[in-house]
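Subject: Structure handover

Dear colleague,

Here is the structure I said I would pass on. My notes follow below it.

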Amino acid sequence: MPGPLRACAPLAEWLASADWRGLKARYGPVAAGGCFGAAWAAFADNLVTRAPGGYGAPQVLPGVAAALAALMLNLVHRDDASDAARDTDAARARRVRLWLLLCYVCAAAAAVGAVVVMVAGVAAERRAEDGVAVILQTMLLLASGLLFYKTRASEADGGDFGVPLVSF
């Protein structure tokens, strides 16, 4: 094995032997919180670097809609959205699917709204940084919600996290 690849051998062994489920459950919510904080930091940075009175509702709404979509997604148990839940109670499964559809529509509206803010800002020859900040904020918020949803412990994993805030 050549010199540089020999140095990578311990890393390859560690990657092969790592407990990925444990790492995901332990650090996934932390990474999701980091994305959420970075999104609002991008918003705050864009807000304070603008001239007074130069920030309106169109720049705020995509981020609020993305945060709402992330919240809506995480109100659902992963176990309720699984195939096993569909087999036990069909009416409940339909309600969960309808709730997730509303969540996805809200997320898509946030993403489209961020792009509209970007395009409108460039067309009006304003600062392009405003549109970039809104897109960055929206995508980080949506990524945060999805990352938290996928990495939080479920009852099937033996975790007690995921107490439903909304009972379907």
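The notes below go from the overall fold to the cores and then to one helix in detail. Please keep in mind that this is a predicted model.

Overall fold. Of its 168 residues, 30% count as buried. Taking contacts between residues at least 6 apart in sequence, 76% join residues at least 24 apart.

Cores. The largest nonpolar core has nine residues: Ala 39, Ala 65, Ala 66, Ala 67, Ala 69, Cys 106, Ala 107, Ala 110 and Leu 141. Two or more of these residues come from each of α3 (57-74) and α5 (90-123). The most is given by α3, with four residues.

The α5 and α6 pair. The axes of α5 and α6 (residues 128-151) come within 7 Å and cross at roughly 170°. Angles over 145 degrees count as roughly antiparallel, and α5 is therefore roughly antiparallel to α6. On the α5 side, the contact is made by Ala 107, Ala 110, Ala 111, Ala 114, Val 115, Val 117, Met 118 and Val 122. On the α6 side, the residues are Ala 128, Gly 131, Val 132, Val 134, Ile 135, Thr 138, Met 139 and Leu 142. By class, the residues of this contact are 14 nonpolar, two polar and no charged.

Helix α6. This helix has 24 residues and reaches 34 Å from first C-alpha to last, close to the 34 Å expected at 1.5 Å a residue. Its buried residues are Asp 130, Gly 131, Ala 133, Val 134, Gln 137, Thr 138, Leu 141, Ser 144, Gly 145, Tyr 149 and Thr 151. They pack against α2 (20-48), α3 and α5.

Gln 137. Leaving aside neighbours within four places in sequence, Gln 137 is in contact with Ala 39, Trp 40, Phe 43 and Gly 63. One of these, Ala 39, also belongs to the largest nonpolar core.

Regards

Technical notes. Residues numbered from 1 in each chain as written. Predicted model: local features only at pLDDT ≥ 70, side-chain atom pairs only at ≥ 80, totals over all residues. Heavy atoms only, no water. Core = buried A, V, L, I, M, F, W, Y, C linked by side-chain atoms within 4.5 Å. Buried < 20%, exposed > 50% of the residue type's maximum accessible area, 1.4 Å probe, protein only. Axes fitted to C-alpha atoms, helices over the stretch in contact; angles between N-to-C directions. Parallel < 35°, antiparallel > 145°, perpendicular 65-115°, else oblique. Contact = heavy atoms within 4.5 Å. Nonpolar A, V, L, I, M, F, W, Y, C, P; charged D, E, K, R; others polar. Expected span 1.5 Å × (residues − 1).
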